[in-house]
Amino acid sequence: MRKIKPIALMLILIIIFSSCSDKKDKDKVTKELAIATNTNVSKDKRPNIVFLLADDMGYGEVGSYGQKKIKTPFLDSLAAQGMRFTNFYAGTAVCSPSRASLMTGLHTGHVSIRGNKGQYPNRYGRVPLRKSEITVAEVLQKSGYQTAMIGKWHLGLPDDYSTWAKGRGFDYAVQEQWGKDEKGNEIDERIHWVNNNKDSIFYNYNEWSCLDEFRTSFALDYIDKKNNNKPFFLYMSYRTPHSHEFFLRKTDLYKDKIEEWPEIERRHAARITMLDSQIRKLFNKLKESGELENTIIIFTSDNGPTHAEGYASHRYDFFNSSGGLKGYKRDLYEGGIREPMFAYWQNKIKAGTLSDHQSTFYDVMPTFAEIAKTQTPKNIDGISFLPELLKNKEQKKHKHLYWEIQEGRGVKGFKQATRFGKWKAIRQFDNYHTELYNLESDVNETKDVSSKHPELVAKANEILKTESVKIEHYPFSGGIFKK
């Protein structure tokens with residue numbers, strides 16, 4: 001039996017519709033006509049989610065968070081149209097474990113990645129997410145979202161595709177990679193891999209103003225080609241302002257500052273301003289495509305600002321990148337983990353609102369799951385902050401927040417911190433001393449008041465002992481306490 005072609009079927013249905021006198025019959029034909037012409041009758045109207053992640057951006061590197069010299073006009077405008085958080089924290093103070101916390105809803109005392117590298121029996125190298133650790137992309141994908149990730153992944157092994165973004169819940173993934181592949185060959189980090197090794201595209205810096213313009217081009221193309229009947233989750237993992245972008249085309253931005261600023265600082269500022277323009281471009285694309293009204297956009301960073309790491313690094317204090325907070329990347333002081341974060345959602349989030357709600361990366365999964373009307377895995381550490389965004393019901397709060405980090409093989413690379421209410425406790429290395437700060441009166445952590453509050457130190461130590469689970473690859477996990 002021959003099938004009727006869609007155009008012929010549509011003509012038949014139109015004829016039938018014109019001859020119908022009964023409303024129920026007309027409604028039935030209308031529905032069938034819509035299906036035949038592939039319109040959006042069955043469109044899933046849940047919100048789209050766009051998560052914008054800067055790399056090593058400090059609390060004070062955006063105008064809306066106090067930056068005076070670097071221009072971020074679009075980000076400032078976007079923040080003004082939404083809700084700006086003043087107590088939002090990264091997963092920890094360095095890239096890989098911070099992003100692991102973001103993806104899994106687990107804090108860094110529970111997640112399997114505690115540092116950029118871990119200790120193996122015969123080597124020191126990268127550690128991937130465990131397959132048992134469900135990612136936010138897998139949660140959304142399972143609930144019917146189409147999912148895309150573009151940029152820096154940093155949660156897998158270069159020689160194991162199953163640990164790359166495509167294997168962890170993203171339908172479409174464009175990512176850089178470095179290290180050695182499964183054949184032992186060195187991977188060129190300028191190459192961006194599409195859906196693992198299905199395709200690869202070389203980043204030619206002479207053709208783009210910066211790496212983030214190159215990455216944004218993939219996002220614009222994705223918005224054009226995605227399925228319009230399903231909501232989408234787009235995770236944009238930018239490079240800016242991470243210091244090691246080795247190939248950057250010549251820029252005239254801030255050319256009036258050439259005599260006043262060191263060249264590395266001028267280029268640092270230029271890249272942040274270029275990122276601002278790329279996010280504007282993405283925003284305008286969402287608007288042109290008709291998706292903006294039903295899209296929540298969140299902007300933040302993975303950890304605090306870089307400080308003089310090699311030849312390509314700027315000084316974190318040149319632009320007051322930490323916003324006056326103590327510390328920077330790899331520190332568990334506020335400058336290493338407190339981040340700019342704001343959320344925009346047209347007609348949902350009230351413009352110009354400010355929130356002091358204490359939240360962090362491991363709250364992102366439950367927040368997105370609630371937006372998507374789906375469930376998270378059991379036993380995650382996060383709490384949805386959607387009620388705070390919408391101000392539609394009481395916002396649950398954490399009893400405490402927790403961070404740890406292992407940088408390098410030695411004990412001096414291990415640090416822990418917790419915040420409970422206005423109090424912040426930090427324990428570094430093996431000096432067996434827990435620092436205590438009152439962030440309400442001393443946000444810059446200048447006065448260690450541990451000697452005045454032994455009961456609070458005891459409370460903090462109990463948190464530090466119980467929240468850090470001993471795990472392979474990180475010999476100091478579990479904490480360093482005297483017996």
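This note sets out points on a helix pair, a loop residue and the nonpolar cores of a predicted model.

1. Basis. The model is predicted, so local features need pLDDT of at least 70 and side-chain atom pairs pLDDT 80 or more, whereas totals for chains, interfaces and linings use all residues. Residues are numbered from 1 along each chain as its sequence is written, and side-chain values use heavy atoms, with hydrogens and water left out.

2. Ser209. This residue lies in the loop between β11 (199-202) and α6 (211-225); helices (H or I, at least four residues) and strands (E, at least two) are DSSP runs, numbered from the N terminus. Ser209 is buried, at a relative accessible area of 15% (buried means under 20%, with a 1.4 Å probe and protein chains only). Beyond its neighbours within four places in sequence, Ser209 is in contact with Leu248, Arg249, Met274 and Gln278 (heavy atoms within 4.5 Å).

3. Helices α6 and α7. The axes of α6 and α7 (residues 263-288) come within 10 Å and cross at roughly 5°. Axes are lines fitted to C-alpha atoms over the stretch in contact, and angles run from 0 to 180 degrees between N-to-C directions. The helices are therefore roughly parallel (angles under 35 degrees). Residues making the contact include Ala219, Leu220 and Ile223 of α6 and Leu275, Gln278 and Leu282 of α7.

4. Nonpolar core. Of the 49 residues in the largest nonpolar core, Leu52, Leu234, Leu282, Ile297 and Phe299 touch the most other members. Such a core is a set of buried Ala, Val, Leu, Ile, Met, Phe, Trp, Tyr and Cys residues joined through side-chain atoms within 4.5 Å. Helix α7 gives the most to this core, with 9 residues.

Key:
Buried means under 20% relative accessible area, exposed over 50%, partly exposed in between (1.4 Å probe, protein chains only). Angles under 35 degrees count as roughly parallel, over 145 as roughly antiparallel, 65 to 115 as roughly perpendicular and the rest as oblique.
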